[in-house]
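Biologist: Could you take me through a few parts of this structure, step by step, so that I can follow each answer from the atoms?

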Amino acid sequence: MACRSAAGAPAVPTPDWFAEGERHIWLPYTQMATAPPPLPVAATEGTRIVLADGRELVDGIASWWTACHGYNHPHIRAAVADQLARMPHVMFGGLVNEPALRLARRLAGLLPDPLNRVFFSESGSVAVEIALKMALQYRLNQGERGRHRFVSFQGAYHGDTFAAMSVCDPEEGMHSLFAGALPEQHVVPLPRGEAGIAAFNAFLDAEGDSAAAVIIEPLVQGAGGMRFHEPETLQAVRTACDRHGLLLIADEIMTGFGRTGTLFACEQAGIVPDIVTLSKALTGGTMALAATVASDRVFEAFLSERADDALMHGPTFMANPLACAAANASLDLFEREPRLAQARAIERHLEAALEPARALPGVVDVRSRGAIGVIQLDDMSRIDWLKARFVDAGVWVRPFADIVYVTPALTIDEVDLTRLTDALIDVVTAWSRER
Ligand SMILES: *Cc1c(COP(=O)(O)O)cnc(C)c1O
């Protein structure tokens, strides 16, 4: 693919749609008074973002790690186009559609037994809300009334809606602002090592009876700062849940679909959660779709003669056929193409290529797992400066919290991956010199 130098931006007028619409939109997590204007995008292709002025950026983020096969994959595009011609949407109340049922069967097949029941929704946060509601109502349906809290972990991120916010890290998360308005949960340290595991068990001995479930992002805490933990931690959490009669919710929204080198992160610990949430890469970055997958035991607790025992949830656009067609096509690609091997190859590249950053003044840590690479800095006061330098260097990388990170498409080739990691090292080196 031809690649124009990012620095030599051709003088192309700002598109009308940008000039006319920009003052009417409200951007995510953005201080609209001071933030530099967003960049108008004309097109995406593979691992490139084409800006309206003609500059082409190598994408380091894959649109919040959704576009695992790169953008505009012809197989996904064809599947969506085909579905669009037949039936873009039909309600899921009392009616079902073929792409959704096929997807449910395939997800149940990919996840370990007994994770066999799929409840669709349209965003990760909602999938988490549904998982929490399932766990609460699972208890209520069994006549247990006192368990309305959740146990979650420091550094966690589970979404932006209110119940999801309540299980995020209360201090470091984006949601400390609403602390007083959120239901109070038990947010505890991740159990690391023998002492950590003992402390976690002691906590559950004391407080476990007030909780319905434990929720965890397996192996990687994503939006809380791309922090990693070992499979042993996950195993300890599973064991503790069993011992204390708590359901385990694995939020695989970030880690699912190959990001950590296995299809699901839980596989690396050999554990089976009671409920799994999926979204982000589910449709290969094509459409909004999420799923909350429950074990047979959880599902069966909702079966009775009483209408009130049914799960009380139903998003309007749940199981949207277009989105499910995209997800089925994405799963085809996982079957046909070596995505997991690609993720592991990216890990090897990131490990070697980012290592030189470790010696730079101001760099706190360098780490990678699967197709996730992180450089942690000691000071983010010049975050806008960093963002601008990355664009100048021809890559799309968006630092947040105290990290510069990449989560590229699993299909990124050696040329683009090298451009990306070279730019990371160059920009962080320049940052380090000027600090
Ligand atoms: C992104 C994310 C969510 C929220 O998903 P949205 O689609 O943005 O609502 C929840 N949990 C994890 C682990 C995530 O990475």
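Biologist: Against which elements do the buried residues of α4 pack?

Modeller: This is a predicted model, and in it helix α4 covers residues 98–110. Its buried residues are Pro99, Ala100, Leu103, Arg106, Leu107 and Ala108. These buried residues of α4 pack against α3, β4, β11, β12 and α10.

Biologist: How far does helix α4 reach from its first C-alpha to its last?

Modeller: Helix α4 has 13 residues, and at 1.5 Å a residue the expected reach is 18 Å. The reach in the model is close to that expectation, at 18 Å.

Biologist: Is Arg139 buried or exposed?

Modeller: Arg139 lies in helix α5, which runs over residues 124–141. Leaving aside residues up to four places away in sequence, Arg139 touches Glu144, Arg147, Ala212, Gly245, Leu246 and Leu247. Since buried means under 20% relative accessible area, and Arg139 has a relative accessible area of 4%, Arg139 is buried.

Biologist: How many residues apart in sequence are Arg139 and Leu247?

Modeller: Leu247 is among the residues that Arg139 touches. From C-alpha to C-alpha the two are 9.7 Å apart in space, while their separation in sequence is 108 residues.

Biologist: Is α12 oblique or roughly parallel to α13?

Modeller: Helix α12 (residues 383–392) and helix α13 (residues 414–434) pack with their axes 10 Å apart and at an angle of about 140°. Angles over 145 degrees would count as roughly antiparallel and those under 35 as roughly parallel. The angle therefore makes α12, relative to α13, oblique.

Methods
Residues numbered from 1 in each chain as written. Predicted model: local features only at pLDDT ≥ 70, side-chain atom pairs only at ≥ 80, totals over all residues. Heavy atoms only, no water. Axes fitted to C-alpha atoms, helices over the stretch in contact; angles between N-to-C directions. Helix = DSSP H or I, 4+ residues; strand = E, 2+ residues; numbered from the N terminus. Parallel < 35°, antiparallel > 145°, perpendicular 65-115°, else oblique. Buried < 20%, exposed > 50% of the residue type's maximum accessible area, 1.4 Å probe, protein only. Contact = heavy atoms within 4.5 Å. Expected span 1.5 Å × (residues − 1).
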